[in-house]
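Dear colleague,

I am handing over the structure below, and my notes on what was found in it follow directly after. Please read them alongside the model.

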Amino acid sequence: MTIDAHQHFWIYDPERDAWITPEMEVIRRNFLPADLGPVLQANGIDGCVAVQAAQSEAETQFLLQLAEANSFVKGVVGWVDLRADNLYDRLEFYSQFEELKGFRHVVQAEPDDFLRQADFIKGVRQLVAFDFTYDILIYPTQLEAATYFVEQLPEVKMVIDHLAKPYIKEGKVDEWAAAMRRMAQYPNVHCKVSGMVTEADWHHWKAEDFRPYLDVVFEAFGTDRLLFGSDWPVCLVAADYGEMKNILVEYMKGFSATEKEKILGLNAVQFYNLDR
């Protein structure tokens, strides 16, 4: 099964979705399963994981409803207040939904030391009791705190979204690479090969711009801990689905069929327990 391990749905709300700036006009509209289904089919993708884009439990319920109604949406990464006093009760409630696989917090919008907070670490630790995963959404400046964070939580299945958003447009590699290699030393941490085109020059990127970054994560995480993700529809500001996917496909040309199968689906199935 081929899986897109990272995409989003939304009914566009200018106030809630203020992060979609004027230069991202192409995604200032609704994006729903009816829009994505034909795109996945055209690109040979069997299913996807829908990831939260808004920080509310209403967002989690919205994505669960879409997954329930669309069999190709194999899993949901939702949002819950991971610092709430009643977190255990909320997790117990969400454990009844087969499609809900894990949670994410938009840490990239928080201070650089956010992941060092004891109450947040304590909350994420509670995910283990329900076999929920945690998606790490950060910028490179937050990788130091993220390393501390994962060090405290060896029992939690985690995945770094978008390679931790390296500065591809500026061509900066070294500091980010060293931090990612440190993160990869923790066997419970995986990485999504996603979100690269939006960190590059949107209008003038070339496939070779991404090679130094792909070299680092493939060397550090190996083919067992990397997951393909499109970051659709956000990717559309810089590339269509096929162009974006082709960057990875071309990079993996010399890889074995088994290695390709792992990165384009099997790893996501195992990480998120996509058994439907």
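Asp231 sits in the loop between strand 8 and helix 8, where helices (H or I, at least four residues) and strands (E, at least two) are DSSP runs numbered from the N terminus. This is a predicted model, in which local features need pLDDT of at least 70 and side-chain atom pairs count only at pLDDT 80 or more, while totals for chains, interfaces and linings use all residues. Residues are numbered from 1 along each chain as its sequence is written, and side-chain values use heavy atoms, with hydrogens and water left out.

Although Asp231 is not a glycine, its phi is positive, at about 60°, and the residue is buried with a relative accessible area of 5% (buried means under 20%, exposed over 50%, partly exposed in between, with a 1.4 Å probe and protein chains only). The loop between strand 8 (226-228) and helix 8 also holds Pro233, which is joined to Trp232 by a cis peptide bond with omega of about 0°. Leu163, in the loop between strand 6 (158-160) and helix 6 (174-184), likewise has a positive phi, near 55°, without being a glycine, and is buried at 0% relative accessible area.

Grid points are joined across faces, edges and corners, and a volume is the space filled by probe spheres set on the points. The largest pocket has about 510 Å³ of space; of the 21 residues lining this pocket, Trp19, Met24, Gln108, Lys165 and Val234 are the closest to its centre. There is 1 cavity of 30 Å³ or more, and the largest cavity contains about 70 Å³. Helix 8 (residues 241-251) gives the most to the lining of that cavity, with 4 residues.

Finally, the structure holds 0 disulfides, a disulfide being a pair of cysteine sulfur atoms within 2.5 Å. The sulfur of Cys48 is too far for a bond, because the closest cysteine sulfur, in Cys235, is 13 Å away. Cys191 is in no disulfide either, with the nearest cysteine sulfur, that of Cys235, at 17 Å.

Best regards

How values were computed: On a 1 Å grid over the protein atoms alone, a cavity is a set of points where a 1.4 Å probe fits but cannot get out, and a pocket is an open set with protein on both sides within 12 Å along at least five of seven lines; lining residues have an atom within 4 Å of a point.
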